[in-house]
Amino acid sequence: MKVQNPILTGFNPDPSILRVGEDYYIATSTFEWFPGVQIHHSKNLKDWELICHPLTRVSQLDMGGVMNSGGIWAPCLSWDGEQFYLIYTNVLTNGGVFMDPENYLVTAPDIMGPWSDPVFLNASGFDPSLYHDGDGKKWLVNMRYDYRSNNKFSGIVLQEYSAEEKKLIGKPQLITKGTKTGTTEGPHLYKKDGWYYLMLAEGGTGYEHAMTMQRSRCIEGPYEDSPYNPVITSAGHEELVIQKAGHASLTDTVNGEWYIVHLCGRPVGAGRSCILGRETALQKVVWTQDGWLRLDSGKHTPEEYAEIEDAPSVPVSKDMKEDFDKNNWSIHLNSLRRPLGKLASLTERPGYLRLYGGDSLQSKYSQSMLARRQQAFYTETVTKIDFQPESFQQLAGLVYYYDTISFYYCHITRDEEKGRVLNVMASVLDQKFFPIGHGIGIPEEGEIWLKLKTMKETAQFYYSLDGKHYEEAGPVLDASALSDDYYQKIGEWRFTGAFVGICCQDLDRKTAHADFDFLYYTENEKEKESDQHE
């Protein structure tokens with residue numbers, strides 16, 4: 001049986017895969033989105049379901065004020081036979097001379113929790129990974145950040161972790177500076193047939209990304225390079241559907257086969273922008289006679305389809321139909337940097353989500369937003385909103401969001417001359433404009449339906465007064481602006497992906513509120529097929 005890549009679509013980067021018995025789990029980065037870390041589950045490596053977020057409390061993860069594309073980087077999920085371990089980095093600042101990456105560890109007896117409060121490990125670099133050795137020792141590896149050099153990626157350090165003392169012990173040792181590919185990060189340790197294998201992410205996280213391997217008879221090294229490096233990369237192959245291949249993690253199956261999951265991207269348009277962010281793909285791998293890992297295909301490039309064992313399919317819908325009629329909302333919905341807390345209520349108006357006005361869309365502290373990943377190129381998101389703004393400082397509506405300097409926002413507000421209006425705001429790399437000027441006049445009272453359709457590199461907002469007949473709101477938008485790649489225009493790096501969601505702002509007294517009846521997200525595969533036929 002074959003499975004189409006990517007197996008985790010949309011913004012799901014830096015995968016860490018773990019098998020416990022017949023269950024497979026993948027943990028992925030969430031950056032500034034809360035709750036922290038996504039964990040998907042599968043029985044067959046093909047059908048994956050989002051089952052939990054381990055970091056649900058501010059005591060575990062406080063990202064108030066963290067920079068765009070800061071927060072959770074590259075979690076590592078492991079199991080020592082008794083409990084689950086999750087290692088993660090909370091990046092507070094990045095860029096310029098210095099960096100502030102704080103590495104933590106949480107544990108749980110069950111994958112669904114409860115997960116413990118964190119143990120602080122170190123702040124010497126990011127991408128920490130925990131290895132449980134056969135003699136009972138536990139070892140932490142992470143990339144070391146050196147602010148004194150131009151490269152700053154100065155190699156991989158190893159240090160023992162004491163589970164009894166809940167701290168690192170001994171001194172950190174530099175065990176490798178990586179391969180000639182450079183920009184060495186994302187380390188994972190494995191042991192097989194007496195060899196310690198060090199899996200590395202190298203080449204940067206863009207189109208030159210790669211995964212390489214080294215090995216040693218001793219965990220402290222010295223480590224030698226694999227003759228098959230890079231084990232996987234898309235570099236130099238623009239024709240491939242799966243690009244940016246790298247940052248991988250390894251697992252075996254119950255029947256003794258081996259697979260890696262790895263980071264990837266799918267560019268669209270002339271600008272080769274990965275609107276859906278960095279995703280997760282699966283590749284079958286084999287061990288060579290001389291004891292090295294390589295792709296089962298014999299190549300170094302990723303395949304669009306991976307061969308897996310024949311197994312019953314488990315249908316997993318990526319559509320979301322949230323009616324806000326329960327005591328919690330969909331697991332696919334996220335807030336920015338911190339939980340919404342008092343900014344949201346499901347009880348003030350039963351059957352509705354009430355969002356109280358928070359900070360502006362530029363804020364890194366207290367935004368009142370609930371959004372989900374865009375996980376397909378062709379999508380439709382619809383909401384119905386009841387909102388009575390008293391001034392232009394009160395806004396609420398449907399947002400297509402990347403970060404605080406790049407977003408599109410279709411919202412209800414008030415104009416001094418026109419009264420209640422519908423407006424569309426755009427911010428692209430902090431260059432702001434209003435595509436429809438001072439807004440479309442709408443009735444002073446009554447609920448408004450808002451819709452966003454995405455079509456690869458374009459998007460369009462719509463509105464309706466009855467939920468049946470929709471009119472366009474604003475012009476066709478450039479969806480490619482909501483991608484990591486677009487930031488290269490200003491020489492900056494970003495690492496997330498596009499989100500669609502609902503939000504409310506009150507830039508004056510912070511007392512306004514908006515009621516949302518529902519939030520529906522649908523992936524339109526028929527439109528995708530029509531586009532392919534054309």
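I took strands as DSSP runs of E with at least two residues and helices as runs of H or I with at least four, numbered from the N terminus. The model is predicted, so I kept in mind that local features need pLDDT of at least 70 and side-chain atom pairs pLDDT 80 or more, while totals for chains, interfaces and linings use all residues. Residues are numbered from 1 along each chain as its sequence is written, and side-chain values use heavy atoms, without hydrogens and water.

**Ser16**

I located Ser16 in strand β2 (residues 16-20). Ser16 counts as buried because its relative accessibility is 2% (buried means under 20% relative accessible area, with a 1.4 Å probe and protein chains only). I found that its side chain reaches the backbone nitrogen of Leu77 at 3.0 Å. Beyond neighbours within four places in sequence, Ser16 is in contact with residues including Tyr25, Pro75 and Ser249 (contact means heavy atoms within 4.5 Å).

**Pockets**

I used pocket for an open set of points on a 1 Å grid over the protein atoms alone, where a 1.4 Å probe fits, with protein on both sides within 12 Å along at least five of seven lines; lining residues have an atom within 4 Å of a point.

I noted 41 lining residues for the largest pocket, with Pro6, Thr9, Arg266, Lys318 and Gln375 nearest its centre. Helix α1 gives the largest share of that lining, four residues.

For the second largest pocket I noted 34 lining residues, with Trp73, Asn94, Phe153, Trp493 and Phe495 nearest the centre.

Terms used
Buried < 20%, exposed > 50% of the residue type's maximum accessible area, 1.4 Å probe, protein only. Polar contact = N/O pair within 3.5 Å; in protein donor to acceptor, adjacent residues only side chain to side chain.
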